[in-house]
Amino acid sequence: MADDEKTPGPSPKPSSNATAAAETAPELPPPQTEAPSQAQAVPAPTPVPEQEDRSQLLQRARAFLTSPQVRHEDLAAKRRFLAEKGLTGGEIEGLLHEVPPPPPPLPPRTYPQPPPSRLPYLLINVLRAFMWVAGGSAALLLAYFRFIYPKIAQTYQARLSLRTHRKALLERLTRSLEDLKETQRATFAVLPQPEPFPEPVKYRSCNTLEQLKEASEGAKDVPPITLLRCAIQECTKRGQKATSAELFAKLEEKFPWIAEDGAQHEETLWQTLTTTPIFQPAPLPPSATNTSTSTPAPPPAPSPDTVWTYVPPSPPPPPPLLASLTTLASSLPARDPSSPPQPKYQHTFQALSDLTGYIATQTYASPLGLRAPGVGLGIPLSPEEEEVRREIRALKGLVLNRRSFLPRVPSTTFSRPVDAGA
């Protein structure tokens, strides 16, 4: 192997990294070559270098082989360079065995060529999509404002007008109802007021339970107010205490159907007794009242031992309309019972005839000094007098026409007696 390495032959040229490493590595002494003049002469014995010089040469060769720039170079280039520096084959092999083998060289970075960029195509597609969206939106907006929006606007205006009209109608109805309430309030003020606690006509005159039983004839339509009123009046008449227990006992004795109804009817009677103002607890005796204070004591709370009294309600005041009708009826002349019967409207016809005669007398009667002597024309009247005269003539003509065109009353009417209700 050493012979092969020593034989000259073509070898690759050291790389630039090896040359740079050789320049930075410690310089090895040049090899001892023979002079050209002594090539054919017998080689003279070469002087042996000293031991320390040889060790320094090996040390520098070892540093050269371990330098990072030379570790990855070719072995042949390393051997040739070391041989040029004067090292023997054995020393070179020893140094190569001492230096750890370099790691396997990395393969060359042969990455695939990247494909061409698709960004322009992407931008073109985005621009195209944006144009389609913009065009479609413009078409939709045009169709909306051309066909749909007018109908929506018309519908909105119609609904708004309907809402306004409905609001106006509601306000008008509200004002009409308020006017109606005011009119009813003003009208009801002159009408007779209803009784606060009405009772049937056939039970109003009953003052005892016996009379009430006879008037009811076993019917169950007697109101609770009437039952309690008669029971309290009967207890007061007999000098008994009108407690709730005593009242219920008397009512169940006289009217068995109250006991048949059970607690439901008694609850109704108790509610009527405690909530109706015409039934009041009897006042406490003067000794039981508190004399230390001037204010009256409040009435006691209703209890089963409370003594009840009946306070008749005050009649409502007569309305002005009823008082006016009563005055008018009293001022009219009464019909004589001994006189023969007359038609229903005979008195009205007689009053109209008298009024017509009076108007005719006042119209055509010329007062003193109204006409000038010797002149056929009268003195001109004032506008007020002329207006009164025209009204009197119109009223006279109306009365005369009414009397002339009225239907004739049959003769049998005079012989028919007048109804008592008329």
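This is a predicted model: local features need pLDDT of at least 70, side-chain atom pairs count only at pLDDT 80 or more; totals for chains, interfaces and linings use all residues.
**Entry 1, nonpolar cores.** I began with the largest nonpolar core, which has 24 residues, and I noted L212, L227, L251, F255 and F279 as the residues with the most contacts inside it. Going through the helices, I found that α8 (209-216), α9 (224-238), α10 (244-254), α11 (256-261) and α12 (263-275) each supply at least two residues of this core, and that α9 gives the most, with 7 residues. I then looked up the surroundings of L212 and, leaving aside residues up to four places away in sequence, listed Y203, C206, V222, T226, L227, C230 and F255 as the residues that it touches. I also recorded another core, lying apart from the largest one, which has 12 residues, among them F64, L65, I92 and V99.

I searched the whole structure for disulfides and found 0. For C206, the nearest cysteine sulfur is that of C230, at 5.7 Å, and C206 is in no disulfide. I put C206 down as buried because its relative accessibility is 4%, under the 20% cut-off.

The structure holds 9 salt bridges, and I looked at several of them in turn. R62 and E98 meet through their side chains at 2.8 Å, N to O; this pair links distant parts of the chain, since R62 is in helix α3 (residues 51-66) and E98 is in helix α5 (residues 89-98), 36 residues apart. I noted R62 as partly exposed, at 28% relative accessible area.

The side chains of E93 and R79 form a salt bridge at 3.0 Å, N to O. Because E93 lies in helix α5 and R79 in helix α4 (residues 75-84), this pair ties together parts that are 14 residues apart in sequence. E93 is buried, with a relative accessible area of 17%.

I next checked E199 and R229, whose side chains meet in a salt bridge at 3.1 Å, N to O. E199 lies in the loop between α6 and α7 (201-204) while R229 lies in helix α9, so the pair ties together parts that are 30 residues apart in sequence. I found both E199 and R229 to be buried.

Which residues form a nonpolar patch on the surface? I listed L141, Y144, F145, F147, I148, Y149 and I152, which together have about 720 Å² of accessible area.

Terms used:
Residues are numbered from 1 along each chain as its sequence is written. Side-chain values use heavy atoms; hydrogens and water are left out. Patches are made of residues with over 30% relative accessible area and no salt bridge: like charges are joined within 9 Å, nonpolar side chains (Val, Leu, Ile, Met, Phe, Trp, Tyr) within 5 Å. Accessible areas come from the Shrake-Rupley method with a 1.4 Å probe; for residues, only the protein chains shown count as cover. A salt bridge is a side-chain nitrogen of Lys or Arg within 4 Å of a carboxyl oxygen of Asp or Glu. A nonpolar core is a set of buried Ala, Val, Leu, Ile, Met, Phe, Trp, Tyr and Cys residues joined through side-chain atoms within 4.5 Å. Buried means under 20% relative accessible area, exposed over 50%, partly exposed in between (1.4 Å probe, protein chains only). Helices (H or I, at least four residues) and strands (E, at least two) are DSSP runs, numbered from the N terminus. Contact means heavy atoms within 4.5 Å. A disulfide is a pair of cysteine sulfur atoms within 2.5 Å.
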